[in-house]
Amino acid sequence: MRLDITVLPGDGVGPEVTREAVRVLRTVLDLYGYEASFEEHAIGGVAIRKFGTPLPEATVRACSESRAVLLGAVGGPEFDSLPAGERPEAGLLGLRQALGGYANLRPAIAYGAIADCSPLRPDIIKGANVLIVRELLGGIYFGEPRGFSDSPAPAAYNTMRYSEAEIERVAHVAFRQARMRHKKVTSVDKANVLETSQLWRKTVTRVSREYPEVKLDHMYVDACAMRLITHPGSFDVIVTENLFGDILSDEAAVISGSLGMLASATIGGKVDLYEPVHGSAPDIAGKGVVNPLAQILSAAMMLDHLELRAAAVEVEKAVAAVLAEGKVRTPDLGGRSSTEEVTAAVLEKLG
Ligand code: NAD
Ligand code: IPM
Ligand code: MN
C-alpha cells in the first residue's frame, strides 16, 4: 500500500512545523514498511502571492486525489486588510468545504511532564484529557446572508444557521468517540438564547438514545468556558458548534500548557485533513523556535485514522518520552531548544 499525502505548508510557522512532521512521518512509515509520497501544494498567503488566490484549483485537486492532507497554518498580518473572502483564511475554509470533513477532533491532554507549563494548578489539570469535537462546516462561519450594509447606517451581519442533519452527523461522531473513551459527552450550546442551540440540544439528545452506554449532559458555552479551566478533568468528549469549538479549543490549550501541543483531525469527508489547532504565529515565524509537537501529533492522528495504529502509537510514545525527559523543549514549554532539535529528539525515540 502506498500512501499519497498532500502537504500544504501555508504561511508563517506553517512550513516550519510541517517540514518536521513530514520528517517524522517518513521515518515511522519507513520503519513499518509502508511506502509514502509527499506532494506539496500552495494554500493561504503563499498561494495569494503566487497564484492570486488563497485556494488554487490544483491544490483542491491534489488534496481530493490523496489519502490524507497535512496542513500547516494560513494567515498573516500583511493580509489582514483584505475582504473576508480573499484572505488566506478563506482558502482554508474553502478547502474544508471542498473535502467535506464536518467533524474536527481536537484533543487537549495534560501531560504530567509539562504540568508546570500550565498557569493552572497541577492538582486542577492532573489527568485531564478532553476531546473537543467541533462542528466544522456549518454555523456562523458559513451561514448566509452575511456582509456589510450601508443604509440607513453602516452595519455588518452574519448568520448562524444549522440544519438538523448537520447536527446529527457530528453528534454521531462525538458519541462514537465517547464510546471508545470514558463514555461521556458534554454538548455545549447557548440554548438559553439561540434557536440554533435549541435545535442543537434537541437533536443531540435524540441521537444520544442510540448510544445508551454513553452519558450525555448539556452545558451553556459561557459556563463551559469557566468549567474547562476550573475542572478540566470532569470532561471526556465535548461536542459543539463551529465558533464555540474554535474558541473553546484554544482555551483548552491552557490545560496542555501550550497551543503548540494541540493537534487536530478533520474527518467525515472524502479525504481527511490534519492540522494543528494553532495558527501561523507571525510573532515567532522564521526564528526556528516554534513547537513542532502539535503538528507531529496531528501526523500521529493521521496514522491512527489511516488504521496504522502501531505507527501512531509509536509517534505518540516518542513525543511523551521527549516531554518526560525534559531536556529538549521549545521556549513555549519553558525550554531553549530549536524546532529542529525537538524533532531530532522525537526521531531518536522512534524504533
Ligand atoms: P496563533 O495560533 O498563530 O498564535 C497565538 C500565540 O500562540 C502566539 O503568541 C504564537 O506565537 C503562539 N503559538 C502558536 N503556535 C505555537 C507553536 N506551535 N509553538 C509555540 N508558540 C505557538 O494565533 P493568532 O496570532 O491569533 O493568529 C495568527 C494568524 O494565524 C492569523 O492570520 C490567523 O487567522 C491565523 N490562524 C490560522 C489557523 C490555521 O491555519 N489553522 C489557526 C488559527 C489562526
Ligand atoms: C482554526 C482557525 C481557523 C478557524 C481560521 C484560520 C479560519 O482559527 O482552525 O482554529 O477559525 O476555523
Ligand atoms: Mn482557531
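# A walk through the model

Start by selecting Cys117, which is buried with a relative accessible area of 18%. Here "buried" means under 20% relative accessible area, "exposed" means over 50%, and "partly exposed" covers what is in between, using a 1.4 Å probe and protein chains only. Now pick Cys63, which is also buried, at 0%. How many disulfides does the structure hold? The count is 0, where a disulfide would be a pair of cysteine sulfur atoms within 2.5 Å.

Before you go on, some ground rules. This is a predicted model, in which local features need pLDDT of at least 70 and side-chain atom pairs count only at pLDDT 80 or more, while totals for chains, interfaces and linings use all residues. Residues are numbered from 1 along each chain as its sequence is written, chains are lettered from A and ligands numbered from 1 in the order in which they are written, and side-chain values use heavy atoms, with hydrogens and water left out.

## Stop 1: charged partners

Side chains of opposite charge can pair when their charged atoms come close. For a salt bridge, a side-chain nitrogen of Lys or Arg has to be within 4 Å of a carboxyl oxygen of Asp or Glu. There are 18 salt bridges in the structure, and you'll visit a few.

Helices (H or I, at least four residues) and strands (E, at least two) are DSSP runs, numbered from the N terminus. Are the two partners buried or exposed? Arg96 is buried at 6% relative accessibility, and Glu275 is buried at 3%.

Next, select Arg179 and Glu213, another salt bridge, with 3.8 Å between the closest N and O atoms. Arg179 belongs to helix α6 (residues 164-179), while Glu213 is in the loop between α7 (195-208) and β9 (215-220), and the two are 34 residues apart. Arg179 is partly exposed at 37%, and Glu213 is partly exposed at 37% as well.

Last one here: select Asp80, Arg87 and Glu89, which are linked in a network of salt bridges. Glu89 is partly exposed, at 29%.

## Stop 2

Most residues other than glycine have a negative phi, and most peptide bonds are trans. Time to look at some exceptions.

Go to the bond from Glu144 to Pro145: this peptide bond is cis, with omega near 0°. Pro145 is in the loop between β5 (129-135) and β6 (147-149). Then step to the bond from Ser151 to Pro152, which is cis with omega near 5°. You'll find Pro152 in the loop between β6 and β7 (155-157).

Now click on Lys183, a residue with positive phi, near 60°. It lies in the loop between α6 and β8 (184-189), and Lys183 is partly exposed at 36%. Ala281 has a positive phi too, near 40°. Look for Ala281 in the loop between β12 and α10, where it is partly exposed at 21%.

## Stop 3: two pockets

How is a pocket found? On a 1 Å grid over the protein atoms alone, a pocket is an open set of points with protein on both sides within 12 Å along at least five of seven lines, and lining residues have an atom within 4 Å of a point.

The largest pocket holds about 750 Å³ of space. To find its middle, select Pro107, Arg181, Asp304, Arg309 and Glu316, the closest to its centre of the 23 lining residues. The elements giving two or more residues to this lining are β4 (103-109), β5, α10 and α11 (309-325). Grid points are joined across faces, edges and corners, and a volume is the space filled by probe spheres set on the points.

Finally, move to the second largest pocket, with about 450 Å³ of space. Select Ala84, Leu93, Tyr141, Arg146 and Asn158, which lie nearest its centre among 19 lining residues. Which element gives the largest share of this lining? That is α4, with 5 residues.

Definitions and conventions: On a 1 Å grid over the protein atoms alone, a cavity is a set of points where a 1.4 Å probe fits but cannot get out, and a pocket is an open set with protein on both sides within 12 Å along at least five of seven lines; lining residues have an atom within 4 Å of a point.
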